[in-house]
Amino acid sequence: IPFYVINLAGQFEERVIDNFVQEYLAGRTPNPCLICNSQLKFGSLLDRARAVGAGRVATGHYVRLAKVERTGRYGLFRALDMNKDQSYTLYGMSQEQLASALFPLESLSKDRTRQIARDLGLVTSDKPESQDICFVASDYRDFLEGRVGEAIEPGDFVDRQGKVLGRHRGAAYYTVGQRRGLGVALNGRRYVLHIDAARNQVVLGERDELLIGELVVTRINWCGIGRPEQPLECQVQVRYGTVTHEAMVTPETDTRARIHFHEPQLAPSPGQSAVFYDAAGMVLGGGLIEGRSASGTGGSAL
């Protein structure tokens with residue numbers, strides 16, 4: 001079997017790592033796996049594969065892929081091992097990319113995969129679980145400090161009315177919903193409600209102030225279906241994991257939609273992804289979270 005080594009370090013640095021850093025500096029929480037999957041693994045790597053005569057790219061993602069007869073489109077479905085499901089990070093793939101993808105582990109559990117590796121005598125059979133962010137050794141804050149520490153300055157913690165509550169290390173070191181590690185003593189628990197990168201302020205409040213009824217999502221990719229003409233009832237996942245929430249997704253443009261949750265939810269961080277699923281676990285589409293709607297639960301938009 002021919003073996004090729006393809007160096008994509010430069011593209012990874014430019015597209016994934018640089019974006020990761022700039023998003024945190026802008027007060028957002030990025031999802032680097034999304035860019036890596038859609039632009040590198042099934043983008044640049046697929047192009048190189050075709051250049052040497054290969055027709056597909058196979059990866060070790062735990063996700064199922066099938067051609068859906070009623071739509072004629074390729075559909076991504078949750079893995080059979082729900083604890084390892086990675087469909088959330090693959091919603092950005094196009095139909096062309098899905099047609100050229102293989103996911104050999106789709107019907108296996110992680111334990112079964114390890115056992116097969118042991119039976120084959122592979123040295124990676126008992127390799128520890130990989131980190132969520134492959135290029136960050138421990139804490140993303142240490143990574144940011146090493147990269148752009150000189151651009152991150154201390155600022156003020158404030159409440160929603162603008163009252164100063166204390167000082168923070170730098171807005172890039174915090175994410176929406178964070179409670180621990182704030183480093184400020186207040187009467188009762190406080191959570192990060194919003195990050196104002198322009199003012200270098202971190203807005204704190206109580207847990208109830210994090211509750212939202214609606215979200216605005218941009219850069220949408222309709223994966224398993226074309227853009228719906230009517231509001232879509234579905235399950236929406238707003239964090240990495242498997243927890244979904246019943247919601248109605250209303251497309252506003254080809255790349256923008258509004259999500260209305262049937263029950264109030266804790267606000268996710270802007271920059272993270274909202275992924276839409278049907279009852280069968282198929283990825284309908286997804287996009288990047290821009291922020292809460294002005295009409296959402298919890299008061300005015302931040």
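## Salt bridges, a sheet and a pocket

R169 and E145 form a salt bridge, and their closest N and O atoms are 4.0 Å apart. The two partners come from distant parts of the chain, 24 residues apart: R169 sits in the loop between β6 and β7, while E145 belongs to helix α5 (residues 140-148). A salt bridge here is a side-chain nitrogen of Lys or Arg within 4 Å of a carboxyl oxygen of Asp or Glu. Helix and strand names follow DSSP runs counted from the N terminus (helices are H or I with at least four residues, strands are E with at least two).

Before going on, a word on the model. It is a predicted one, where local features need pLDDT of at least 70, side-chain atom pairs count only at pLDDT 80 or more, and totals for chains, interfaces and linings use all residues. Residues are numbered from 1 along each chain as its sequence is written, and side-chain values use heavy atoms, with hydrogens and water left out.

How many salt bridges does the rule give? The count comes to 16.

| Pair | Closest N and O atoms |
|---|---|
| R169 and E145 | 4.0 Å |
| R227 and D254 | 2.8 Å |
| E290 and R256 | 3.5 Å |

How open are these residues to the outside? The terms used are buried (under 20% relative accessible area), exposed (over 50%) and partly exposed (in between), with a 1.4 Å probe and protein chains only. R169 counts as partly exposed because its relative accessibility is 45%, and E145 is partly exposed with a value of 45%.

In the next pair, R227 and D254 form a salt bridge with closest N and O atoms 2.8 Å apart. R227 lies in the loop between β9 and β10 (232-237) and D254 in the loop between β11 (245-251) and β12 (256-266), so this pair ties together parts 27 residues apart in sequence. R227 is partly exposed at 33%, whereas D254 is exposed at 53%.

E290 and R256 form a salt bridge too, at 3.5 Å between the closest N and O atoms. This pair also links distant parts of the chain, with E290 in strand β14 (residues 283-292) and R256 in strand β12, 34 residues apart. E290 is partly exposed at 39%, and R256 is partly exposed at 25%. Both residues belong to a network of salt bridges that links E214, E252, R256, R258 and E290.

### A four-stranded sheet

Now to the strands. Four of them make an open sheet in the order β6-β5-β8-β7, with mixed pairing. Which strands stand at the edges? They are β6 (164-168) and β7 (191-196); each has a single partner strand, so one side of each is left without a neighbour in the sheet. Two strands pair if DSSP finds at least two bridges between them. Strand β5 (residues 155-158) runs antiparallel to β6, joined by four bridges, and D156 has R167 in β6 as its bridge partner.

### The second largest pocket

Finally, there is a pocket to look at. Helix α2 gives the largest share of the lining, four residues.
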